[in-house]
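Let us read a structure together, one feature at a time. Keep the view open as we talk.

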Amino acid sequence: MRTLLVSMVVLLAPGVARAEIAVGQTAEWLAHTSDLIAKATPLEVRVQSTGRIRFTQVRYRLDEVLKGPATAGDLLAVFDYSFGMADPQDLTAASKKKRSLLLFAAVSKNRYREIEGKCVLTGQNPRSAFFLDQPVQDLYTPDFQRLSEIDDLTSRVRAQVAREEEFHRVYPGGTV
């Protein structure tokens, strides 16, 4: 009986298998899980090492806020961390060139005590900061299409934020 069950599973598996993307790799999910989304310019970068972990603190000027409790012109410190090299997105060079990016940030919960309760990048893999002057990488649409244009990412984020705002307007006590 056990052999028959295993045989049926093995034979039927190719027929029901389908490709999936990781839920955190869609623009919509990234927008949903972020507390703050903004077009921002990095101004100052500080790197701190504590053993194997390297923390990068970046002070941003928010140029346009798409979601969150901030306004254009505000300054905000956002932390990132890595186990390899410090400043994995080379934000030090970006701050010198004033390269703007689309930033997705959230409040750190249950991570490292050095950044607990502070703003961090929402996503670590891929990192949730996308330069406005280069193609988007490692993000997809819910129907498995690769995102490559920053304008497409921005419009998807605006649409997701609008859907959630409408939901909260209609159902003020609801949870998305």
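**Reading pockets, cavities and cores**

Q: How does the lining of the largest pocket divide by class?
A: The lining of the largest pocket has 8 nonpolar, 4 polar and 2 charged residues. Keep in mind that this is a predicted model.

Q: What is the volume of that largest pocket, and which residues are closest to its centre?
A: Its volume is about 250 Å³. The pocket is lined by 14 residues, and those closest to the centre are Gln89, Arg127, Ala129, Phe130 and Gln134.

Q: Which strand gives the largest share of the pocket lining?
A: Strand β6, residues 129-131, does, with 3 residues.

Q: How many cavities of 30 Å³ or more does a search of the whole structure find?
A: A pocket is open, whereas a cavity is a space the probe cannot get out of. The search finds 1 cavity of 30 Å³ or more.

Q: Which residues line the largest cavity?
A: Val58, Tyr60, Val78, Phe79, Asp80, Leu91 and Leu121 do. Two elements, β2 (53-67) and β3 (75-82), each give two or more residues to this lining. β3 gives the most, with 3 residues.

Q: Where do nonpolar side chains tend to be in soluble globular proteins?
A: They tend to be buried together. Here, the largest nonpolar core has 17 residues. Leu36, Tyr60, Leu62, Val78, Leu91, Leu101 and Leu103 touch the most other members. Elements giving two or more residues to this core are β1 (36-50), β2, β3, α3 (91-97), β4 (101-107) and β6. Apart from this core lies another, of 15 residues, including Leu30, Ile37, Phe130 and Leu139.

Q: Which residues does Leu91 touch, leaving out those up to four places away in sequence?
A: Leu91 touches Pro42, Val45, Val58, Tyr60, Leu101 and Phe131. Leu91 also lines the largest cavity.

Q: Where is confidence lowest in the protein chain, and where is it highest?
A: Read pLDDT as the predictor's confidence in each residue. The chain averages 84, and 86% of the residues score at least 70. Confidence is lowest in helix α1 (residues 2-16), at a mean of 49. It is highest in helix α4 (residues 150-170), at 95.

Terms used:
Residues numbered from 1 in each chain as written. Predicted model: local features only at pLDDT ≥ 70, side-chain atom pairs only at ≥ 80, totals over all residues. Heavy atoms only, no water. 1 Å grid on protein atoms, 1.4 Å probe; cavity = no way out; pocket = protein on both sides within 12 Å on 5 of 7 lines; lining within 4 Å. Points joined across faces, edges and corners; volume = space filled by probe spheres on them. Helix = DSSP H or I, 4+ residues; strand = E, 2+ residues; numbered from the N terminus. pLDDT = per-residue confidence, 0-100. Nonpolar A, V, L, I, M, F, W, Y, C, P; charged D, E, K, R; others polar. Core = buried A, V, L, I, M, F, W, Y, C linked by side-chain atoms within 4.5 Å. Buried < 20%, exposed > 50% of the residue type's maximum accessible area, 1.4 Å probe, protein only. Contact = heavy atoms within 4.5 Å.
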